[in-house]
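Visitor: I am new to this structure and would like to learn how to read it. Could you show me the model and then take me through some of its features?

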Amino acid sequence: MRTVAVVGASLAGLSAARSLRKQGFDGRLVVIGDELHRPYDRPPLSKEFLAGALAEADLALEQDDEDLRAEWLLGVRAVGLDGPQRAVRLADGSEVRADGVVIATGAAARTLPGTDGLAGVHTLRTLDDARALRDELALGGRLVVIGGGFIGAEVASTAYALGLDVTVVEAAPTPLAGPLGETMGGIVSALHADHGVRLWCGVGVKGLRGESRVEAVLLEDGRSVPADIVVVGVGARPCVEWLAGSGLALDDGVTCGADGRTRLAGVVAVGDCASWYDPRAGLHRRVEHWTGARERPDAAVTALLAGGAVEPSAPRPPYFWSDQYGVKIQFAGHAAAADSVTIEEGARDDHNVLAVYRRSGQPVAVLGMNQPRLFTRWRKQLAAAA
Amino acid sequence: MMIPACRLVDLPRGEAYRLDIDPPVSVFHTDDGEVFAIDDTCTHQDASLADGWLEGCEVECPLHASKFDLRTGAVDAPPAKRPVRTHEVRVEDGMIYVRLSLDAPNLPPCVTARLAGGPA
């Protein structure tokens, strides 16, 4: 393999580039990114960076003295893939031909229809998004967060600490019920009310009011919530439109095997745009976690370099974290697989909880709130049992 | 200066003991029976490596995914970018002693800001 193109220059793309060099790939390495920025870390964008506690330089993912001997094509979008030729077509009309292609184009924030061009309305996914939101939050006022998932909750927590008046609107009866289940979703989202942030659940958003700038969020039950700033945190969709016609199977992301291999020889997919087969669950799923974008490229690169001659090793159970209102939230495993959840340590009112999810008595997931030590032990146990 | 940490028999293999000095230092007893001391605070964010995932000669930060090599202090991958200090360890009469490194510690930005009296 003489040339490898990595399409996507965020954590998954950088991790793939690093894995390639670490695993001995000595050829031409081209990294293509649609943003102008060098690879940066996204988790702080809704937390320390948004609060002004971290500067842009602190977000850099590369070491100061790191040299991957890569050609960086930044600020240019990939618009097509010729599957059999493994040629990546770029928006500027050029083309990168490669023997191996790593697809790491991530996901893009979902928006609300009809809100384009309305000032004061934000999504939060990229550094440029975070800069714009940070500048507006600094002016203070009334913030309405649409969506009570992790991004929405972190923005609400950060804005609350900055002194804004914050309301969170969530369409589902309980925020975070998808990733955490009803019970623990309720306990974690109670952090909002505990800190004086209004949380309105079970009501959808009909639209926004405002001429050039947003003035209010209109709810489906007829109420309206005055707003100076609105953050739309309603999930993300995988960036795979550019792969139409490439021959890849696309269904909520690039459909992959258990090691990132796609149906095209010499093409693997990693990170938020990739839907890997989970042998334990017997289905494909897209895992949008930082840890997956960091760890899975190692396996995908092994598969790419070996041409499919190695068996994938079992990945560790999915792990993610969140920081809200000064509480460290950690989760590993799959809540949806559980038939019971019990709090094993701590008390919910103290924001200090270790909860274990079980199926037929066997642990399948664990949640920690300010319990890093116990959480690590349970996480190890989950991995060993898997 | 040699600082007494704890008795070797009180630190089972696979466990860590945190010395609450400033900045804190942790002593690790690996599954292979080796003993190492490194700075306890992850260089990325305020987290205690003594709470982390010890495997072989590496400890993974309890919050995120960076692993530190107990022998060299080197970090393997983001989000941490800087190594932790390592400290010399000696076991005498069943007691673990730590000789503190004279290098400047690599503390995370939030801890540095707090020590400087700024916003955390």
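Guide: Gladly! Let us begin with one side chain: A:Arg316 is partly exposed, because its relative accessible area is 24%. Buried means under 20% relative accessible area, exposed means over 50%, and partly exposed lies in between (1.4 Å probe, protein chains only). Before we go on, a word on reading it: this is a predicted model, in which local features need pLDDT of at least 70 and side-chain atom pairs count only at pLDDT 80 or more, while totals for chains, interfaces and linings use all residues. Residues are numbered from 1 along each chain as its sequence is written, chains are lettered from A and ligands numbered from 1 in the order in which they are written, and side-chain values use heavy atoms, with hydrogens and water left out.

Visitor: What average pLDDT does chain B have?

Guide: pLDDT is the predictor's confidence in each residue, from 0 to 100. Where pLDDT is low, the predicted coordinates should not be read in detail. Chain B averages 93, and 97% of the residues score at least 70. For the complex, the predictor gives an ipTM of 0.90 and a pTM of 0.94.

Visitor: Back to A:Arg316, please. Which side chain does A:Arg316 meet in a salt bridge?

Guide: The general idea is that side chains of opposite charge can pair when their charged atoms come close. Here a salt bridge is a side-chain nitrogen of Lys or Arg within 4 Å of a carboxyl oxygen of Asp or Glu. A:Arg316 meets A:Glu295 at 2.5 Å, N to O. This pair links distant parts of the chain, 21 residues apart: A:Glu295 sits in helix H7 (residues 290–306) of chain A, and A:Arg316 in the loop between H7 and strand S22 (319–324). Helices (H or I, at least four residues) and strands (E, at least two) are DSSP runs, numbered from the N terminus. A:Glu295 counts as partly exposed because its relative accessible area is 25%.

Visitor: Which residues are linked with A:Glu295 and A:Arg316 in a network of salt bridges?

Guide: A:Arg379 and B:Glu60 are linked with them in that network. Over all chains, the structure holds 38 salt bridges.

Visitor: I would like another one. How far apart are the closest N and O atoms of A:Arg38 and A:Glu62?

Guide: They are 2.8 Å apart, in a salt bridge. A:Arg38 is in the loop between strand S2 (28–33) and helix H2 (48–51) of chain A, whereas A:Glu62 is in the loop between H2 and strand S3 (70–74), 24 residues apart. A:Glu62 counts as buried because its relative accessibility is 12%, while A:Arg38, at 40%, counts as partly exposed. In chain B, B:Arg90 forms a salt bridge with B:Glu88, with the closest N and O atoms 3.5 Å apart. B:Arg90 is partly exposed at 34%, and B:Glu88 is partly exposed at 38%.

Visitor: What about charges on the surface? Which residues form a negative surface patch?

Guide: Patches are made of residues with over 30% relative accessible area and no salt bridge; like charges are joined within 9 Å, and nonpolar side chains (Val, Leu, Ile, Met, Phe, Trp, Tyr) within 5 Å. The negative patch consists of B:Asp31, B:Asp32, B:Glu34 and B:Glu55. B:Glu55 lies in strand S5 (residues 53–55) of chain B, and B:Glu55 counts as exposed because its relative accessibility is 52%.

Visitor: Now the backbone, please. Which residues does a cis peptide bond join?

Guide: Most residues other than glycine have a negative phi, and most peptide bonds are trans. In this model, B:Asp22 and B:Pro23 are joined by a cis bond with omega about -5°. B:Pro23 is in the loop between strand S2 (15–19) and strand S3 (25–29) of chain B. The bond from B:Pro78 to B:Pro79 is cis too, with omega near 10°, and B:Pro79 is in the loop between strand S7 (67–69) and strand S8 (86–92).

Visitor: And where does A:Asn370, with its positive phi, lie?

Guide: A:Asn370 has a phi of about 55° although it is not a glycine. This residue is in the loop between strand S26 (362–369) and helix H8 (372–385) of chain A. A:Arg86 also has a positive phi, near 50°, and lies in the loop between strand S4 (78–82) and strand S5 (87–90) of chain A.

Terms used:
Accessible areas come from the Shrake-Rupley method with a 1.4 Å probe; for residues, only the protein chains shown count as cover. Lys and Arg count as positive and Asp and Glu as negative; His and the chain ends are not counted. The place of a charge is taken as NZ of Lys, CZ of Arg, CG of Asp or CD of Glu.
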